[in-house]
Amino acid sequence: MTEITLVQAVNRALFDAMRADPDVLLLGEDIGVNGGVFRATEGLIKEFGPERVVDTPLSETGIVGAAIGMALYGLKPVAEIQFLDFIYPAFDQIVSELAKFRYRSGGQYPCHVVIRSPYGGGIKGGLYHSQSAEAYFAHTAGLKVVIPSNPADAKGLLTSAIFDPDPVIFLEPKRIYRAVTGEVPDGDHRVPLGSASIVRPGSDVSVFAYGAMIPPVVEAAKAVQAEGLSAEVIDLRSLVPLDEAAILKSVEKTGRAVIVHEAPRFVGFGAEVAALLAEKALYSLKSPVRRVTGYDTPFPYALENLYLPNAERIAHAIRASAREG
Amino acid sequence: MILGRTLDERMLGLQRQGRIGFYGPATGQEAVSLGAWLAIAESDWVFPGLREQLLALARGHSLVTYMHHLFADDLDPARGRQMPCHPTAREVRYVSMSSVIGTQISQAVGLAYGQKLRHDPGVALAFFGDGATSANDFHAGMNFAGALSLPVVFCLTNNQWAISIPVQRQTHVDVLAEKANAYGFSGVRIDGTDVVAVHAALKEALDRARTGGGPSLIEFVVFRMTPHSSSDDPSRYQPADFLVRGRARDPVARLARLLRDRGVLDDEVVRTVAADADARVRSAVKEAEATAPPDARSLTTDVFLPPGSGGG
């Protein structure tokens, strides 16, 4: 066990996976000599050389297209898209190709690819360094979508993603890349994809969140605790596959649900969780499902703290959820 | 080539009768597939466009399996999930094709990266049309291949039409092969209706790729002698003399003339080959038509590998 940051945990997972399996290789912009703009790939080129830590031309569709070709050949590429906001040129390769190869080839051509990308706001990144685009990918059958919220999960989930035989979109909450340190198990530490975790048990209201929203959610849970409200905080960790059982179990216990994400509300991932509760836990619900999300606007620069859900807004929703019904 | 021509005639007819859903013929472009088959080695990978099925068959993909694909039945390796003419044939290193234009170009480049990394003597061949030269992945793939000096051959079959758009409207460049200059490697234009020329150009490009010389672009100029697909009506946009000019460059007739001149082909051989192709296609059609549609359970399989099934 070592105390490291989330971005160091990503780095550790990459080191371990590349040492364990010569088929694992990395490609992306500025990931080699420069070690990535967030230093997630720092030191890797030194140990594994430029053939396995590939600095590519500036083309996201080229990066993902090439990663697909590497996987078709039998390698296990981990592609980095420098900011999730820049993934759209590769959207065609991801949605039309990566997600569909196994299905359209009857299993002849699986795509063992991970796409890592820092996502989310709170770093003064403005429109194009702040977006949370997880819903686009979660909507596409054939992709797994995974988002860690702490160093141990970052290593465990990324290791599982790298050794998963199907494409995984691995979104890294850059706002908390260095904000917290945590203990991370050494060696082959894996967290299975599709398992939510109970960050904080509680009995009155269930709060579902992921990624960089976990710290403000925990802060809100602590705040309402002082008022005698017990909030259960569940980190979804993986949007696809989704741990439906964990969500339902919690709401069957509390009868109340708040969903938090920084992406816009309209057709955001929270809508899927709300629909799941409407379909499978309606009779357990004592009050309407509430969502605390970003606004249905592009991501703002100067007013990002107004845009992003914070502990205050989340606590407000928890109280309202507990009060109603 | 005769088999390809027979398939095109028969399958377009079956599509008109409603017995298969779609068909994309390759009539007029057969020399590209055949020349490629003669030039490539077993270790080479093919990333096809819409009209390279003959290459899969020449490499040994079973005609009956291909027919199951055209009929989208339960014995199609891809369980009828794709429109006809999008086969998958890993056993002959023929990659599953999508309908999206140009995406295979970057993918071929990635596979070539793998070959280079593993010191594999193989080369990746990306096939695409003149329309694809306007697509994002043409630029991305060509640029990657040049920058990383990869063993890939870009096979641009210029059939002069992207559905209804003539190549002159696709680009302001007269010779598409010249686009290779922008990426720092060789581009040549050749007559794609001449099997011998196709073979020679590919042989040179493949040798270059195998010996560390990097990528090449070859533009094969051909005539699309049929509609774009069974859903297209070229009388809406194609000048009447296009087919007349095309017929003068029919790749099958050209090869037949060459072989007759060399004394290795006569009427008897032509009759035998045609009768054999006809019989094989008829028998495959019969077999596929007698096969059930895909099992309903296949709707939800192959999205992901089920947990616990082991490797990928």
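**Close-up views of a predicted two-chain model**

**View 1. Surroundings of B:V153 in chain B.** B:V153 counts as buried because 27 C-beta neighbours lie inside 10 Å, the cut-off for a buried residue being 20 or more. In this predicted model, B:V153 belongs to strand β3 of chain B, which covers residues 152-158. Leaving aside residues up to four places away in sequence, B:V153 touches B:V123, B:L125, B:L202, B:A205, B:L206, B:A209, B:P215, B:S216 and B:I218. B:A124 is 29 residues from B:V153 in sequence, yet their C-alpha atoms are 6.4 Å apart in space.

**View 2. The contact between chains A and B.** Chain A contributes 35 residues to the contact, and chain B contributes 35 residues. On the side of chain B that touches chain A, helices α5 (103-117) and α6 (136-147) of chain B each supply at least two residues. The largest share of this side, 11 residues, is provided by α5(B). Classified by residue type, the side of chain B that touches chain A comprises 15 nonpolar, 15 polar and five charged residues.

**View 3. Helix α8 of chain A and its packing.** Helix α8 of chain A runs through residues 214-225. Its 12 residues should span 16 Å at 1.5 Å a residue, which agrees with the 16 Å between its end C-alpha atoms. Buried positions in α8(A) are A:I214, A:P216, A:V217, A:V218, A:A220, A:A221 and A:V224. The buried residues of α8(A) pack against strands β9 (197-200), β10 (205-209), β11 (231-235) and β13 (257-264) of chain A, and also against helix α12 (311-323) of chain A.

Notes
Residues numbered from 1 in each chain as written. Chains lettered and ligands numbered in written order. Predicted model: local features only at pLDDT ≥ 70, side-chain atom pairs only at ≥ 80, totals over all residues. Helix = DSSP H or I, 4+ residues; strand = E, 2+ residues; numbered from the N terminus. Buried ≥ 20, exposed ≤ 12 C-beta atoms within 10 Å, placed from the backbone. Contact = placed C-beta atoms within 7 Å. Nonpolar A, V, L, I, M, F, W, Y, C, P; charged D, E, K, R; others polar. Expected span 1.5 Å × (residues − 1).
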